[in-house]
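Please load the model in the viewer and keep the sequence panel open.

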Amino acid sequence: MTPAKIAVVGTSNIGAMKYAEARIAADHPSLDVTFYGLPGGKFDEARLIDGQFGPDRADTGAMKLARRVNGTATIDLAAFDHILVIGDTLGMPATLWTAISYDIADWPLRRDLPLLSLPGFLSAMTESIALRADHLRAQFGTLPLHVALAPYPTTAVVPPGPLHQQPYAAMATHPHAAQIHTAFRDALTAALQARGMIFVPQPDETIAQPFLTREPFGHGSLDFRADGRLLNDHRHMNADFGASLFAAFAVAIASPSQT
Amino acid sequence: MADGMRARSPYAGLPARAFWRGGVTGTSPFPPDIYRPKFPVTRDTRVFTAGSCFAQHVGAAMKAAGINVIDAEPARRGLPPETAKRFGYGVYSARFGNIYTVRQFRQLVDEMAGATPALPVWEKDGRFWDAQRPGVEPDGLASPDIVLEMRAQHLAALAQALSQADLIVFTLGLTEAWKHTATGTVYPTAPGTIAGNYDPAIFRFANYGVAEILDDFSALEEALTSLNPDLRWLLTVSPVPLAATASTQHVLPATMLSKSILRVVCDILAASSERIDYFPSYELATSPAHAASPFEANLRSVRPEIVAGIMHTFLASHGLAQDDRREEGLPEEHGGPGVVRQDDAICEDILLDAFRPEGAP
C-alpha cells in the first residue's frame, strides 16, 4: 500500500514534530511525512500561489530561508493527502487578555475589574478567532486542512522570572480557566469547521492545566531551523510533545499509531 | 435717483454670509464661516460626548482629529473592535448608549446622584436588559442582579467622566419618548422594542415642547455644575429624521416639529450663556446646497461624505482639521478619517421600523 502523503506546515512550532520524525515514521509506517516551516512573521505572510505554498515571493530573505530550512522555497500542497497546519494562536491570546482584563459578570469571581457580560466575552472570543481563522483560510485557499494551535506554553512561564509569560501565567490561578478553555475550544472547533478546517486539540496528556503545557515537554525543545540548537524557552516544545500531537492528528485522519 | 447716490439699507455692507446668494447659493455646501466658535476646542480639551446616534459621528471624528475624548469605560486589552462597538465600548464617553432626549440625560445624572428610575430591568425570553441602555447588551444578561451590578459600575464610571470633562458635546435627537406614567421615568426605547412589553396602563407617550426641554436642560446643567463648575456645552441637533412617530401626525411633520423644537431650544440656550455654544450640524446636513440628497437611499441615514463635511467644518473652525480645505470646500464624495457610516452607527430607534404596517415599502 502506498503510504499516505502528509504535509506538516507551520511556524517554528513544527520543530517539535520535526525532531520526532524518526518516532513518527516508526509509529506510523503508513504515513509519509514532509515538513515545511517558516518563522512566525514570515509564515503569517505566506500563502498559496498557483498551488505552491510559500513566503512572500518578493521577500528574498524569506525565500532563501525557506529553501535552506525546508530544501525548497515553496511546497506543492496539492500533492499531499492530508495537511496539518501548526502554529497560529488563533485568537487565544486576545481571548485570555480579555479574560484577565475583566471580571465576567455572569461568573462569581470579582477582582474589582470592570465587568464584561458573558455574551460580550463570548462575542470577543468568536471575533478574535474569526479574524485569525479567516486569515488562515485565505493563506491556504480552498485546501482541506487539519489545524493545531501553537502549543500552550509550559507551567514554567507561570512564576515571575525570565520565562514569565502573560496572559498564560494568569490562567494558572484563574478560577474560571477551565470554563474559558472549554468555551475557547468549542468556539475554535466551530469556527474552523465553518471554514472547511478540522481542529486537532492539544493532547490531554500534554496539558498541565488549561492553557498550560506540562513542564517536561518544554525541556529540550530545538530550533526548527538548525539541528541541535536548544531553545528551552517553554514556548516551543520537544520531540515528545511533537510525537504526542502527531498521534492526535493521526487519529483525526483515521490513521492511528500501529505500534 | 441721482447718479452716485444709493438708497441706504440696513443690509448694505453686510458680509456675503448674510445673503442666501453667496452664503448658500454659489458656494460650498459646507461654508467655512457658518460657525464661529464661542470658545476654543483644542486637542487637550477633555470632551464628553453624548446624544442620539448621530453623536457617534461627532465623537469618532473628534477622536480621529486627536481631541482628548473621554472614555471612562474603554475596551480593555483583548476586546476586539467589532465586539467592543456592538457592546457600546468607545461609542460615547461611557457605556450609556444613545441619549435621545434631554430628559433622559437629566434622569441619568439624577440617577448618578442617587435617584432610582422606575422599572430598571426589562425581560425578554428569559434574558434581562438594562431599560435605560438596552442597546449596549444586545443579547441581554442572565439575571436582574447582573443588570443592576453592571449599572452601578457604569454610573460610577459616568460620574468620573463627567467630573473630568471640560466640554460636553451633546447632540439632541428626539422630543418624543416613552415614560413610566406613575413616576415620569423615561426610556431610550419604547417598551417592547428591544425588551420589555408595552402596557398602556403603565407607560405613556410624551412629546416634549420647548419649555419642558429648557427646564430639563436647566436642571441638568445645574446638577452638573455642582459636580464640575467649569463645564461648557456644545449643542448640535441630529439631522437624522424620526424612524417612527407615536404623535398621530404624519412622520414628516412630526420630524420637522421635533427638529424645530430642538433647534429653538439650542438657540435659546446658546443665547443665554457664554458657556453654551451651538454647532449647525442639522443645517449643514439639510442645506439645499448639496448637489445630491444628503441622505442615503433610505432617506434617513446621512451619507458619509456629508458627515465628513460637517465634521471637517467643525474641526476646521477650531484649527483641528487634518487638511484645511476650507477655502475650496469639500468635494461631496469625500469621506474622512473617523467617519462612521450612518448604517454602522448604533441606532435603536430604527428598530421601530419593524412595527410598520405590512405592505408598507
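**Conventions and confidence**

This is a predicted model, in which local features need pLDDT of at least 70 and side-chain atom pairs count only at pLDDT 80 or more, while totals for chains, interfaces and linings use all residues. Residues are numbered from 1 along each chain as its sequence is written, and chains are lettered from A and ligands numbered from 1 in the order in which they are written.

The model scores ipTM 0.91 and pTM 0.90. Then select residues 324-335 of chain B, where pLDDT stays under 50 and the model has 21 contacts beyond four places in sequence. Two residues are in contact if their C-beta atoms, placed from the backbone, lie within 7 Å.

**The sheet of chain A**

Helices (H or I, at least four residues) and strands (E, at least two) are DSSP runs, numbered from the N terminus. Select β2, β1, β6, β9 and β10 of chain A, given here in their order across an open sheet of 5 strands with parallel pairing. Strands pair if DSSP finds at least two bridges between them. At the edges are β2 (31-37) and β10 (197-199) of chain A, each of which pairs on one side only. From one strand to the next the twist averages 25°. Strand β1(A), residues 4-10, pairs with β2(A) in the parallel sense over 7 bridges, and A4(A) stands opposite L31(A) in β2(A).

Axes are lines fitted to C-alpha atoms, for helices over the stretch in contact, and angles run from 0 to 180 degrees between N-to-C directions.

**Helix α6 of chain A and its partners**

Show α5(A) with α6(A): the two pack at about 160°, with their axes 8 Å apart. They are therefore roughly antiparallel, the term for angles over 145 degrees, whereas angles under 35 count as roughly parallel, 65 to 115 as roughly perpendicular and the rest as oblique. In this contact A94(A), T95(A) and T98(A) of α5(A) meet F121(A), A124(A), M125(A) and S128(A) of α6(A).

Now select α8(A), residues 177-194, which packs with α6(A) at about 40°, the axes being 10 Å apart; the pair is therefore oblique. Among the residues of α6(A) that meet α8(A) are L122(A), M125(A) and I129(A). The contact has 11 nonpolar, 1 polar and no charged residues, where Ala, Val, Leu, Ile, Met, Phe, Trp, Tyr, Cys and Pro count as nonpolar, Asp, Glu, Lys and Arg as charged, and the others, Gly among them, as polar.

**Across to chain B**

Which elements give two or more residues to the side of chain A that touches chain B? Select the interface, where 19 residues of chain A are in contact with 18 residues of chain B. The elements in question are α5 (92-101) and α6 (118-139) of chain A, and α6(A) gives the most, with 8 residues. By class, this side of chain A has 10 nonpolar, 7 polar and 2 charged residues.

Finally, in chain B, select α6(B), residues 210-227, and α7(B), residues 251-272, which pack at about 50° with their axes 10 Å apart.

Definitions and conventions:
pLDDT = per-residue confidence, 0-100.
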